Amino acid sequence: MRAFPWVAALLLTACQTAGVQTDFDPAANFTAYRTYSWLPSDAPRGMNPLMFRRVKESIDRSLVARGFTQAEPGDFAITFTIDERDRIRADDYGYGWGGYGWGGWGGWGGWGCCGGYGGWGYPAVDIYTVTQRSIVIDVYDAKTRAPAWHGVVKRESYSDRVNYERLGKAVDAVIAQFPPQPGTRTSSSY
């Protein structure tokens, strides 16, 4: 039982970073990157421009915290896109054993009189909508204009409201993977 807190802590840590995927060009010289500039982009039609601005500010804040400076032109150019999709989920709990109950309806339901052993329960299916939000960040080498790094963070939400604090933490999680450390491999699972 002593190992349980450690196992629980490891599982919680793994769940927090599960939504981040990265890919990069191993030939890119990330050690030369000190400054960055933004590729021109506006909020896509139909998107909340305030949310677009907040994501851009979060990326700026994360890059500055990692020692990068915004300059024109920069050593690398950066851009991002945001995706939001509603997905329908269904959890099927299948048939289950009712366990020892109070009899009722010939022992098939669990409650009632006269004692009994319960029986098989009815199938339980939960159907609900989940919103999957993704932030995709792309870095391009300013000299070669070639893609150098790609990062994606995905989160699921059961609410239509955007939690901007969690959004900032999601941006931090993906930017924490930039630049890739020497000797690392891409963590893309595409």
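**Note on the salt bridges of the predicted model**

1. Asp172 and Arg61 form a salt bridge, with 3.1 Å between their closest N and O atoms; the term denotes a side-chain nitrogen of Lys or Arg within 4 Å of a carboxyl oxygen of Asp or Glu. Asp172 belongs to helix H3 (residues 164-175) and Arg61 to helix H2, so the pair ties together parts that are 111 residues apart in sequence. Helices here are DSSP runs of H or I with at least four residues, numbered from the N terminus.

2. This is a predicted model, in which local features need pLDDT of at least 70 and side-chain atom pairs count only at pLDDT 80 or more, while totals for chains, interfaces and linings use all residues. Residues are numbered from 1 along each chain as its sequence is written, and side-chain values use heavy atoms, with hydrogens and water left out.

3. Asp172 is partly exposed at 32% relative accessibility, and Arg61 is partly exposed at 41%. Partly exposed lies between buried (under 20% relative accessible area) and exposed (over 50%), computed with a 1.4 Å probe on protein chains only.

4. Helix H2 spans residues 49-65 and also holds Arg53 and Glu57, which are 4 residues apart, about one helical turn. Their side chains meet in a salt bridge at 3.6 Å, N to O. Arg53 has a relative accessible area of 45%, and Glu57 likewise has 45%.

5. A salt bridge also links Asp83 and Arg85, whose closest N and O atoms are 2.6 Å apart. Asp83 is partly exposed at 28% relative accessibility, as is Arg85, with a relative accessible area of 43%.

6. The structure holds 4 salt bridges.

Technical notes
Helices (H or I, at least four residues) and strands (E, at least two) are DSSP runs, numbered from the N terminus.
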